[in-house]
Amino acid sequence: MISRLGAKSSLSVVENPTNLIVVENLTNFAGAERLTQLPRSLRQGGWSHIGFVSALVAIYFAAIANQIHLGVYTDPLWLMDVCARMLSGQIPYVDFLENSPPVAILIYLPPVLASSWLGINQDLAFIVYVAVLVTASLFASAWIMHKADRLTEVRRPVALTIAASLLLLPDYTYGQRDHIALILAMPWLSAISLRASCINPPRLAAIVSGLAAGLIFAIRPHYALSFVLVVAFVGSRRGVRALFDFPELTVAVAMGSVFTILSMVLFPNYLRIMFPLLIDVYARDRENFIVLLLNPTIVASTLLLSALYAFKNIESLNTLCMILICAALGVLVSFFIQGKPFAYHAYPCVALLIISISIAAAGRITNAEVFIAAFVGCLITWRFSITYEIGSLPWILSQIGFCIFAIVFVGFVFCLKLMGFRQRPTVIFAATCAFAAAALAWSAFHMEWSPRPLFVDEIKMFRPRPTVALVGAVGEFGHPVTNLVHGRWGQSVIALIITDSIDRIIKAQSPETEVYRKLYLYKSEDQQRFLSDVNNNPPDVIILDSTWASDHFVDPRLDAILKNYRELGRKEDTRYFFGMTHSYLLYGRINE
């Protein structure tokens, strides 16, 4: 039944009364791979086939309904707009600027084409497109893991956890590049976990998963660190020589190289124009380490790792768990290397750790205990974080409280282990912490970068389907509004992010004279690009972040442009970074 196992492994195969094959690697796993012979009802978590399918359908329905209600996030809106510009003949990185690699743009082309060819709403096409990618990823992962004779305890509750992590957890991160990268990674992680367990996945599935993994390198190159950590773990189990015999590895590396080379050949302006800008500006613009450490997703990841520590103490972590943890740690390190405080950058880390905990807890916790843990965990999160404004002093203190809670939890579990306490309370407590962390991460994805649709009614009353421009650095104040009024974005960049980043770099780092001149040149080009966009194709409305502009964009040429517009409205928004209040003005073009 199990063939072509690694020559170095010593395996014990036992057939129990329910015909469950239990495989234990006595040489390499040293007790960490101990799989108990559980009754079928407990292995499936008490889920019937009808109940499982109903729950899965409910997750899909809730996710799609939620995304239709929320609308599409700013970055996907901009990237789909970029794809539409490419279809109209504009040259990438010349006629418009985007810091993502070419493949990261092209993955948003299918919903744009579907919307154009089928005449359906582009937002709906995008939501369904991501849901289809999730479905394909789930089916591919299930196909691969089915061939393992259930070696890794992937049960129906775990499948529901994976579906919820990919569909419900993201919230406004739905369809982000990091979200799509994780969707593509799941089959590859499944295949490579079988290799680490000395099981050969179906060859076709291994090749397909390698193709998807190679695509990730071209979308998010820094996730290569996760790839390296996972491969290092597998190499420690199977030996370095064996790695060259795994098609999912060789195909992933080969296709990642091919995608990257093709991107550079077909889009040379990315290397010529964008790459120097990324090195000089994007890489220099780093947030304070303490701010990064207090990011809700990092706090949630700390809590999840603490919960996994509890499971490690009771020796229930199997190979798939360790693979997912390695991948999550790679994402975590990449988050700090990038130095950006965006919650969606850490989404794959949170999702992978949640899935790891669900696998570790499979068959060790009943449905009733799951619901109790979910209730208590979400209640803890609500009390700690959700009731506070992000960036406020109570919110910062709540994040510190969460960190202290995680540390205390680790110490508590360690004491339980030393005292020889029963395993079950530890598992339930770990599950409670996992739900608390998941709720905290979800609140971050929902609250930190939620769109701010200011002036929607005013713009609709002023002109139908207008062209919109934004004088500001936060695209969330422009793109969702443009989408809601069925308008068109009137700038060749997502927002004046380059200007904002450069001013932060100069303020925080006081660069040398030569570096300062280079940065000032980038800033001048960014502002000149905006002025050219507005002069060449005057937008119907301009949203002005007057608080931001008074610090970053004081230019008489901007004042001259605004003389051709009249003020339509004025609003203040306090949901900006760290509780700062910004004033926004809406200008409408005066008809000649």
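**A guided chat about helices, cores and salt bridges**

Visitor: Where is Ile-261 found?

Guide: Ile-261 is found in helix H12, which covers residues 247-266. Helices (H or I, at least four residues) and strands (E, at least two) are DSSP runs, numbered from the N terminus. The model is a predicted one, in which local features need pLDDT of at least 70 and side-chain atom pairs count only at pLDDT 80 or more, whereas totals for chains, interfaces and linings use all residues. Residues are numbered from 1 along each chain as its sequence is written, and side-chain values use heavy atoms, with hydrogens and water left out.

Visitor: Is Ile-261 buried or exposed?

Guide: Ile-261 counts as exposed, because its relative accessibility is 53%. Buried means under 20% relative accessible area, exposed means over 50%, and partly exposed lies in between (1.4 Å probe, protein chains only).

Visitor: And which residues make the nonpolar surface patch?

Guide: Val-258, Ile-261, Leu-262, Val-265 and Leu-266 make this patch, which is about 470 Å². Patches consist of residues with over 30% relative accessible area and no salt bridge; like charges are joined within 9 Å, and nonpolar side chains (Val, Leu, Ile, Met, Phe, Trp, Tyr) within 5 Å.

Visitor: Changing topic, how many helices and strands does the chain have?

Guide: The protein chain has 26 helices and seven strands. Of its 592 residues, 56% count as buried. Its accessible surface comes to about 25,600 Å², and 65% of this belongs to carbon and sulfur atoms. Such areas come from the Shrake-Rupley method with a 1.4 Å probe; for residues, only the protein chains shown count as cover.

Visitor: Which residues touch the most other members of the largest nonpolar core?

Guide: They are Leu-166, Trp-188, Leu-189, Val-230 and Val-234, in a core of 146 residues. Helix H8 (residues 177-196) gives the most to this core, namely 13 residues. A nonpolar core is a set of buried Ala, Val, Leu, Ile, Met, Phe, Trp, Tyr and Cys residues joined through side-chain atoms within 4.5 Å. In soluble globular proteins, nonpolar side chains tend to be buried together.

Visitor: What is Val-230 in contact with?

Guide: Apart from neighbours within four places in sequence, Val-230 is in contact with Trp-188, Leu-189, Ile-192, Ile-323, Cys-326 and Ala-327. Contact means heavy atoms within 4.5 Å. There is also a second, separate core of 18 residues, which includes Val-471, Phe-530, Ala-549 and Tyr-565.

Visitor: What about Leu-168, where is its place?

Guide: Leu-168 sits in the loop between helix H7 (156-167) and H8. Leu-168 counts as partly exposed because its relative accessibility is 29%. Beyond its neighbours within four places in sequence, its contacts are Ile-59, Ala-62, Ala-63, Ala-163 and Trp-442. Leu-168 and Ile-59 are 109 residues apart in sequence, and 7.3 Å apart in space from C-alpha to C-alpha.

Visitor: On to charges: how many salt bridges are there?

Guide: A search of the whole structure finds 15 salt bridges. A salt bridge is a side-chain nitrogen of Lys or Arg within 4 Å of a carboxyl oxygen of Asp or Glu. One of them joins the side chains of Lys-518 and Asp-280 (4.0 Å, N to O). Lys-518 lies in helix H24 (residues 513-536) and Asp-280 in helix H13 (residues 268-282), so the pair ties together parts 238 residues apart in sequence. Lys-518 is partly exposed at 41% relative accessibility, whereas Asp-280 is buried at 11%.

Visitor: What does Arg-529 form a salt bridge with?

Guide: Its partner is Asp-526, and the closest N and O atoms are 3.4 Å apart. Both residues lie in helix H24, three residues apart, about one turn of the helix. Arg-529 counts as partly exposed at 21% relative accessibility, while Asp-526 is buried at 1%. Elsewhere, salt bridges that share partners join Asp-75, Glu-98 and Arg-177 into one network.

Visitor: Last one: is Glu-476 buried or exposed?

Guide: Glu-476 is buried, because its relative accessible area is 5%. Its place is in the loop between strand E3 (467-471) and helix H22 (479-484). The side chain of Glu-476 makes a polar contact with that of Tyr-73 (3.4 Å). A polar contact is a pair of N or O atoms within 3.5 Å; within protein, one must be able to donate a hydrogen and the other to accept it, and residues adjacent in sequence count only if both atoms are side-chain atoms.
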